[in-house]
Amino acid sequence: MTNPIIELRQVEYQISTISSAPILAGVSLRVNRGETIALLGRSGSGKTTLLKLINGLRRATSGSVLVQKRDVLDWNITELRRGVGYVIQEIGLFPHLTVRENVCLVPQLEHWPADRISSRYVEVLQAVGLSPSVYSHRYPRELSGGQRQRVGVARALAADPEILLMDEPFGALDPVSRAEIQREFLALNGKMSKTVVFVTHDVREALLLGTRVVLLDSGRVIAEATPHEFVRLAHPVAREFLAAAELTTGAQA
Amino acid sequence: MNAWQFMTSHRVEILAATREHLVLVLISMVIAAAIGVPLGLTIVGRPRLRAGALAVASVLQTIPSLALFGFLIPLPFIGGIGAHTAIVALVLYALLPILRNTYVGLSSVDPAILEAAEGMGMSEQQILFRVRLPLASSVIMAGIRTAAVITIGVATIAAAIGAGGLGTFIFRGVAMVSDAVILAGAIPAAILALLADFLLGLLERRLRVT
């Protein structure tokens, strides 16, 4: 049996004990090294909360979350987060910092030597398809949505984390830029072989980028499948997603 | 004698009074900012302290300025006749806009940005100084700007307790029932206020991050 790098055991998450419906209920999930997990679900299905449990932005009400076999409650939270890249929709870039300052922030906080930071900056910016010198002094407001997204990915990769968490990373983009950046992400992921967990409500994106798709509905995991298996799932929620994206062919056997 | 004649014939005295006024305001503003901004940083994460500090600053602001100067005179150390008492009063007046804007600026940073910072493994201190403070700087500057304009006006009353400044002409003019003498103090004070508003406004815009 393979060793999971991230493991959720019977996780419950509830905002208060008074409100009846939990955000997450009885969620168990094992993520193996090198996998790319797509957390697919509608708004309010709990997928973003699940992601935030992994880097300790949310604490499980019960159950446990393990990263590198250690409970997140036992981790030094700063150490955990610095080792886990985090990409959120474009808003997450710091508006008062240049592209370079944004990207180099975590290595700086980790007290890397200056020359190592410089070379890492060049490396990650090239990896996301941006010219390091052109963008170095630009501010996020001077970038297009797609460029901001790339910088966001570069920033998450900067400190070379083993795990990458992405919350609808390409959600705010137009379809053309989105397709382009998805292709690049596939190529990049092939090279860097990170463990990636990403949240999406787009079934096409989940099938394209994920090595495994985890379907969430009302705080529960209702299906886990490879993209290949996913299109044949009979679960009604899975069917709804596929039907909405007109991907139902080959399903009715 | 009209105001213009009076001002040209007393230009040396007016200039000296303007300089005095400016020094009074500058010292008060530096002290108020040195107290208000760090205090704002301290209260942002402490709701109870915040309510208390903002309430005290608000109450101070409601005390009529002439009365505040009067109250301070009999106090030991900080009171008495002269510029230092005036500075204490001016600092107390300038505190509220600076404190309030510092707090508002720090607490109105987009929560998504703060969560990104937290998710990147920045400590609370690092988030405060590297994210919140720079993003709040233009709002803080707006508070300093408001405080400066208020202080320039209130400082004219400081002449009543012997602190000098442009208020000297105003009080003298009132006693002499002479508009010309009053204007000799009021016009330079108004110009100072407009200038401060304009220059600090420029600074505020430069600090703004969009």
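A residue is termed buried if 20 or more other C-beta atoms lie within 10 Å of its own, exposed if 12 or fewer do, and partly exposed in between, with C-beta atoms placed from the backbone. The model is predicted, and local features need pLDDT of at least 70, side-chain atom pairs count only at pLDDT 80 or more, and totals for chains, interfaces and linings use all residues. Residues are numbered from 1 along each chain as its sequence is written, and chains are lettered from A and ligands numbered from 1 in the order in which they are written. Helices (H or I, at least four residues) and strands (E, at least two) are DSSP runs, numbered from the N terminus.

Chain A contains an open sheet of 6 strands in the order E6-E7-E8-E3-E9-E10, with mixed pairing; two strands pair if DSSP finds at least two bridges between them. Strand E6 (84–87) and strand E10 (220–225) of chain A each have a single partner strand and stand at the edges, so one side of each is left without a neighbour in the sheet. On average, neighbouring strands of this sheet are turned by 20 degrees against each other, direction ignored. Axes are lines fitted to C-alpha atoms, for helices over the stretch in contact, and angles run from 0 to 180 degrees between N-to-C directions.

E6(A) pairs with strand E7 (residues 163–167) of chain A in the parallel sense over 4 bridges. Within E7(A), A:Ile163 is the bridge partner of A:Val84, and A:Met166 is that of A:Val87. Helix H6 (residues 145–157) of chain A packs on the sheet and touches E6 and E7 of chain A, its direction making about 165 degrees with that of E6(A). Both faces of E6(A) are covered, with A:Val84 and A:Tyr86 buried on one side and A:Gly85 and A:Val87 buried on the other.

A further open sheet of chain A is formed by 4 strands in the order E2-E1-E4-E5, with antiparallel pairing. Its edge strands, strand E2 (24–32) and strand E5 (70–71) of chain A, each pair on one side only. Strand E4 (residues 62–67) of chain A pairs with E5(A) in the antiparallel sense over 2 bridges, and A:Leu66 stands opposite A:Asp71 in E5(A). Helix H1 (residues 47–54) of chain A packs on this sheet, touching strand E1 (4–13), E2 and E4 of chain A, and its direction makes about 125 degrees with that of E1(A).

In chain B, the buried residues of helix H8 (residues 167–176) are B:Gly167, B:Thr168, B:Phe169, B:Ile170 and B:Gly173. Their cover includes helix H2 (11–43) and H9 of chain B. H8(B) is followed by B:Val177, whose phi is positive, near 50 degrees. B:Leu200 lies in helix H9 (residues 179–207) of chain B and counts as partly exposed, with 19 C-beta neighbours inside 10 Å. Neighbours within four places in sequence left aside, B:Leu200 is in contact (C-beta atoms, placed from the backbone, within 7 Å) with B:Met141, B:Ile144, B:Arg145 and B:Ala148.

The contact between the chains takes 16 residues from chain A and 17 residues from chain B. Helix H2 (77–82) and helix H3 (99–109) of chain A each supply at least two residues of the side of chain A that touches chain B.

Key:
Two residues are in contact if their C-beta atoms, placed from the backbone, lie within 7 Å.
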